[in-house]
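Open the model in a viewer and keep the sequence panel beside it. The stops below say what to select and what to look for.

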Amino acid sequence: MTKSSAILFILLFSLLFKLEEMRVALVLVVLLIAGGLFMFTYKSTQFNTQGFVLVLCASFLGGVRWTLTQILMQKAELGLQNPIDIMFHLQPLMFLVLFPLFAVFEGLPLSISEKLFHFHEAGMLLCLVGKLFLGGILAFGLGFSEFLLVSRTSSLTLSIAGIFKEICVLFLATHLLGDHLSLLNWLGFAVCLSGISLHVILKAINAKGEKALNLNEEASSDPDLELLLHHAERGEEEEEVETIQQH
């Protein structure tokens, strides 16, 4: 439930860094999605202050991370629009930050594991390496698609896409794992989907408006096309005059 605040932080930093314009429709979309996700995941559970603070900090840092990533990727002078370029520069830093945590929490169990360093059968080792390789490919594809989406749209759109994924996971859990959802949970599901649908509709309308604006700018910047349109308008006016004279 606390994790549903991530989209609020992303909206906040997008407005602070002037990546998004303050619009009533945008605020409504975010409130619908965050509120709907909160209701959809609402359950009576034991509250843990430390866990609450950690998840809230993670949501806050996630908002900072993706808004700064959008700034890096959408600045033409930096030349980082390609997802491969941004991954080439960021992934080594991410590895250096995560490796100490890996060494502390997983280093010792991994070093004495019979599946890796103390294996008895080559087949077991090859199976484990194959799984790690497959996981690496999937992680690379996920990172590539995330950075591509941010470069073409915005960090807010990425967050909404991630929330749609979480809704699908929770929805499948009710059918495959038998999780029970209350009336409040289903109401939150509907509210969250309505917010996502509204965001998609607004994006489509904005894209159509930008496309029409670009076509008008191209037409006005092309003298040959402008001259052709001018002749066409004059031809239509002459035809109207001839029609009036005939009547």
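Select Phe9, Phe13, Phe17 and Phe60: these residues form one aromatic cluster. Rings of Phe, Tyr and Trp (its six-membered ring) pair if their centres lie within 6.5 Å; planes under 30 degrees apart count as stacked, over 60 as edge-to-face and the rest as tilted. Across the whole structure, the search finds eight aromatic pairs.

This is a predicted model, in which local features need pLDDT of at least 70 and side-chain atom pairs count only at pLDDT 80 or more, while totals for chains, interfaces and linings use all residues. Residues are numbered from 1 along each chain as its sequence is written, and side-chain values use heavy atoms, with hydrogens and water left out.

**Two ring pairs**

Next, select phenylalanine 140 and phenylalanine 144. How far apart are the ring centres of phenylalanine 140 and phenylalanine 144? The centres are 6.4 Å apart and the planes lie at 25°, so this pair is stacked. Both residues sit in helix 6, four residues apart, which puts about one helical turn between them. Helices (H or I, at least four residues) and strands (E, at least two) are DSSP runs, numbered from the N terminus. Phenylalanine 140 has a relative accessible area of 45% and is partly exposed; phenylalanine 144, at 29%, is also partly exposed. Here buried means under 20% relative accessible area, exposed over 50%, and partly exposed in between (1.4 Å probe, protein chains only).

Move on to tryptophan 186 and phenylalanine 189. Their ring centres are 5.8 Å apart and their planes stand at 90°, so the pair is edge-to-face. The two residues are three apart in helix 8 (residues 183-221), about one helical turn. Tryptophan 186 is partly exposed at 35% relative accessible area, whereas phenylalanine 189 is buried at 15%.

**The whole chain**

Colour by secondary structure. The chain has nine helices and zero strands. Of its 247 residues, 21% count as buried.

An unreviewed UniProt entry annotates "transmembrane region" at residues 21-40, 52-72, 93-110, 122-144, 156-177 and 183-202. UniProt positions are given in the numbering used here, feature names are shortened, and annotations may be inferred rather than shown by experiment. Select residues 122-144: this stretch is 100% helix and 0% strand, with its end C-alpha atoms 33 Å apart. Residues 156-177 are 95% helix and 0% strand, and there the end C-alpha atoms are 31 Å apart.

**Helix 7**

Select helix 7. Its 22 residues should span 32 Å at 1.5 Å a residue, and the end C-alpha atoms are 31 Å apart, which agrees. The expected span is 1.5 Å times one less than the number of residues. Among the buried residues of helix 7 are Ser155, Leu158, Ile160, Ile163 and Ile167. Just after helix 7, glycine 178 has a positive phi of about 75°.

**The largest pocket**

Select Lys3, Ala6, Trp66, Glu146 and Glu166. Of the 26 residues that line the largest pocket, these lie nearest its centre. On a 1 Å grid over the protein atoms alone, a pocket is an open set of points where a 1.4 Å probe fits, with protein on both sides within 12 Å along at least five of seven lines; lining residues have an atom within 4 Å of a point. Helix 1 (6-16), helix 3 (49-74), helix 6 (122-152) and helix 7 (155-176) each give two or more residues to the lining. The lining divides into 13 nonpolar, eight polar and five charged residues. Ala, Val, Leu, Ile, Met, Phe, Trp, Tyr, Cys and Pro count as nonpolar, Asp, Glu, Lys and Arg as charged, and the others, Gly among them, as polar.

Stay on glutamate 146, which is in helix 6. Glutamate 146 is partly exposed, with a relative accessible area of 23%. Its C-alpha atom is 9.7 Å from that of alanine 161, 15 residues apart along the chain.

**A loop residue**

Finally, select methionine 22, in the loop between helix 1 and helix 2 (24-40). Is methionine 22 buried or exposed? Its relative accessible area is 62%, so methionine 22 is exposed.
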